[in-house]
Amino acid sequence: MIAHTPTIFASVAWVALIMAFCLLVVGRFNQRDGMLTVGAGLLAHALAYVCFTLFGHASLWVTYAVPNSLLSVAVAFYTASIFRIADHRVPWLWLFSLPLCQIVLLTLLLNTLEPRTLVASGILMIQCAFLIRWAAHFAQPGGRAHILLIVGAGISLIGILIRVVSIVGGSAVEMRYDVSNLRQSISISIGTVTVMMLSLGLVLMSKERSEAALKYLALRDALTGIPNRRAILEELEREIERARRTETSLAIIIIDLDHFKTVNDQYGHLAGDEVLRHCVEQLKKRLRQTDRLGRYGGEEFLLMMPGATVEGAMAAVEELRQCISENHTQFGEHSIPQTFSAGVWVGNPGAEDDGNSLIAQADAALYECKAAGRNTVRLAVGTRTLPGT
């Protein structure tokens, strides 16, 4: 089906303009979600196609050099949106160097046909390739929005390639913006698909990022940055199931900072917060990558050590205890000492075991520490050693 080329240009411009208006309104008060840059890109896209509709009725600079440069600006804004949504520094200078090259080269080659068309197409193809690259690079784990960006940019590449093939094949005149034919209709109609897929993909990418951030915050302790009670208990159940399935050992440790209420009473709650952060940082520095530490509640922490033996777990926790006692928290002019007590359960979870039952056994050992004067580590009575450990 052959459509009137200026009419297709006008249709694409109208679609881009409506979507630009919506996103500029939505992103007005929140620049970090990338919607402002997406809206700016759509606005440039719309203005480019408005200029294309004037081809043959205005100068080539207005109807060719400017609109193709605006398309290049639009793609630069779309790519910038990917960086902004991913919360990375936007390489503005690098992104907009290509549109600058576009306008300069098209101005110099304006009175040629094939060279100017190949230059305009080549730069846009490079930009689309970079957009695909960054969309894949910043894809949200488990997300699918980047697929829309890749497909949208890929379709745009196909549309541009149709023009390039026609030019190389000696049919450059047939691809003038005031000529209507099947290849022209297909090439330009692809612009509508590109606008819709890129804008929708960027909106959904922003949504995926926001949801991931909210999920992360929901499962993190705001003060220390480690998993909160809900998150660490979920991890505990997974580790128990894994240890049961693989028939390997698992160490479960309940750590309680000694006399923490005294710190708050003597130095204030801000000092208490600093002690908690300091202790967590000291613990994290000395844990293995496979170990899991979370805030169980108040001044209590839950630590898991997959694969640890009784001797290994006890030695590791004792080393952590000494580290905390030797590294005081600096708060203003104060050097605040801190110790902890810990109850340790080690073994291969049985079919009847769950997180609550194993924590209860570690907790019982912790109370023995408190009864013995604190600042010590005790092994739970219910600890089960595996053959060969």
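**Reasoning through burial, helices and salt bridges**

User: What places Arg 321 and Glu 318 about one turn of a helix apart?

Analyst: Arg 321 and Glu 318 both lie in helix α11 (residues 310-326), where three residues separate them, and this is about one turn of the helix. The model is a predicted one. In general, an α-helix has 3.6 residues a turn, so residues three or four places apart point the same way.

User: Why is the contact between Arg 321 and Glu 318 called a salt bridge?

Analyst: The criterion is a side-chain nitrogen of Lys or Arg within 4 Å of a carboxyl oxygen of Asp or Glu. The closest N and O atoms of Arg 321 and Glu 318 are 2.4 Å apart, so the pair qualifies. With a relative accessible area of 12%, Arg 321 is under the 20% limit and is therefore buried, whereas Glu 318, at 25%, is partly exposed.

User: What makes Asp 265 and Lys 261 another such pair, and are they buried or exposed?

Analyst: Their side chains meet in a salt bridge at 2.9 Å, N to O, and they are four residues apart in helix α9 (residues 260-267), which means a separation of about one helical turn. Asp 265 has a relative accessible area of 55% and Lys 261 has 58%; exposed means over 50%, so Asp 265 and Lys 261 are exposed.

User: Why can the salt bridge between Arg 292 and Glu 235 be said to tie parts of the chain together?

Analyst: The closest N and O atoms of Arg 292 and Glu 235 are 3.2 Å apart. Arg 292, at 30% relative accessibility, is partly exposed, while Glu 235, at 16%, is buried. The structure holds 13 salt bridges.

User: How do you know whether Leu 303 is buried or exposed?

Analyst: The relative accessible area of Leu 303 is 1%, and buried means under 20%, so Leu 303 is buried. Leu 303 lies in strand β3 (residues 300-306), and among the residues that it touches, leaving aside those up to four places away in sequence, are Ile 252, Ile 253, Leu 287, Arg 292 and Leu 320.

User: Why is Thr 194 called buried?

Analyst: Its relative accessibility is 4%, which is under the 20% limit, so Thr 194 counts as buried. Thr 194 lies in helix α7 (residues 182-218) and touches Gly 152, Ile 155 and Ser 156, again not counting residues up to four places away in sequence.

User: How do you know that the length of helix α1 agrees with what its 22 residues should span?

Analyst: At 1.5 Å a residue, the 22 residues of α1 (residues 5-26) should span 32 Å, and the end C-alpha atoms are 32 Å apart, so the two values agree. The buried residues of α1, including Ile 8, Phe 9, Val 12 and Leu 23, fall within an arc of 130° seen down the axis, so they line one face of the helix. The face turned away from that buried side carries the exposed residues Trp 14 and Phe 21.

User: What makes up the nonpolar patch on the surface?

Analyst: Trp 14, Leu 17, Ile 18, Leu 43 and Leu 47 form the patch, with about 470 Å² of accessible area together. The elements giving two or more residues are α1 and α2 (35-53), and α1 gives the most, with three residues. Leu 43, in helix α2, has a relative accessible area of 34%; patch residues need over 30%, so Leu 43 passes this limit while being partly exposed.

How values were computed
Residues numbered from 1 in each chain as written. Predicted model: local features only at pLDDT ≥ 70, side-chain atom pairs only at ≥ 80, totals over all residues. Heavy atoms only, no water. Expected span 1.5 Å × (residues − 1). Buried < 20%, exposed > 50% of the residue type's maximum accessible area, 1.4 Å probe, protein only. Arc of directions from axis to C-beta. Contact = heavy atoms within 4.5 Å. Patch = residues over 30% accessible without salt bridge, like charges linked within 9 Å, V, L, I, M, F, W, Y side chains within 5 Å. Areas by Shrake-Rupley, 256 points an atom, 1.4 Å probe, with all protein chains shown as cover.
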